[in-house]
Amino acid sequence: MQFHGMGIGSGIALGTVLRMPDPVPIPAQTASTLGADREKARSTHALTAVALAIRRRANHAGGSAKDVLDAQAMMAEDPALHADIDTRIDSGATAERAVFEAFGRFRDILAGLGGYQAERASDLDDIWRRAVAELQGVAAPGVPESEHPFILVARELAPADTAVLDLDKVLAVVTAEGG
């Protein structure tokens, strides 16, 4: 198979291709059948698990990547976001939909602020996708693990993924979106 695109580095890479899973789809807008208390517990558990996973990545990343990932973990634990999620669940939303909508609202606020805050807006998309994957019991989007060098193919790389790339194993990166 041949790919055509714009290179940002020099050289040629040959190796096994590993593909990152596609992001989880936007959750459907359906009413909860579990009840508000259970949905709230599910969302809290999922966001706590996501924050812990991001912190583990931060500890392995070090440097400025650690700072970005620590900030992302703090976003997953933000009390204002949790309150927004709970309000949406109280209105009948599932945990998945409430997480998606609340993070979307905060993403739009950050994007509207411009500058550094706007750059962090995509971090919120990464967090809700990871939380929804946790809620659905599917693999979180992320860089696949391999004992051997590989070429990574992905739709796009989130900061949490970029920060943990093992450059001794990743021979090249091919993305369809993002920069």
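**Surface and fold**

Guide: The chain exposes about 10,300 Å², with carbon and sulfur atoms supplying 54% of it; accessible areas come from the Shrake-Rupley method with a 1.4 Å probe, and for residues only the protein chains shown count as cover. Please keep in mind that this is a predicted model, in which local features need pLDDT of at least 70 and side-chain atom pairs count only at pLDDT 80 or more, while totals for chains, interfaces and linings use all residues. Residues are numbered from 1 along each chain as its sequence is written, and side-chain values use heavy atoms, with hydrogens and water left out.

Visitor: OK, and how many helices and strands does the chain have?

Guide: The secondary structure comes to 6 helices and 3 strands, and from the N terminus on the elements run β-α-α-α-α-α-β-α-β. Helices (H or I, at least four residues) and strands (E, at least two) are DSSP runs, numbered from the N terminus.

Visitor: What is its radius of gyration, and how far does the C-alpha trace span?

Guide: With 179 residues, a compact globule would have a radius of gyration near 16 Å, and the chain has 17 Å, which agrees. The radius is taken over C-alpha atoms, and the globule rule is 2.2 Å times the number of residues to the power 0.38. Along its principal axes the C-alpha trace spans about 55 × 35 × 30 Å.

Visitor: What share of the residues is buried?

Guide: Buried residues make up 35% of the 179 residues, where buried means under 20% relative accessible area, exposed over 50%, and partly exposed in between (1.4 Å probe, protein chains only). As for contacts, which are heavy atoms within 4.5 Å, residues 24 or more positions apart account for 61% of those with a separation of 6 or more.

Visitor: Switching topic, which aromatic rings pair up?

Guide: The structure holds 1 aromatic pair. The rings of F100 and W128 have their centres 4.9 Å apart and their planes at 75 degrees, so the pair is edge-to-face. The pair links distant parts of the chain, with F100 in helix α4 (residues 95-113) and W128 in helix α5 (residues 115-136), 28 residues apart. By definition, rings of Phe, Tyr and Trp (its six-membered ring) pair if their centres lie within 6.5 Å; planes under 30 degrees apart count as stacked, over 60 as edge-to-face and the rest as tilted.

Visitor: Where is T94, and what is it in contact with?

Guide: T94 lies in the loop between α3 and α4 and counts as buried at 12% relative accessibility. Leaving aside neighbours within four places in sequence, T94 is in contact with T30, A31, S32, E39 and I89. T94 and S43 are 51 residues apart in sequence and 9.0 Å apart in space, C-alpha to C-alpha.

Visitor: What about D90 and G35?

Guide: D90 belongs to helix α3 (residues 79-90), and its C-alpha atom is separated by 8.6 Å from that of G35, 55 residues apart along the chain. With neighbours within four places in sequence left aside, D90 is in contact with A36 and K40. G35 sits in the loop between β1 (16-19) and α1 (36-61) and, at 32% relative accessibility, counts as partly exposed.
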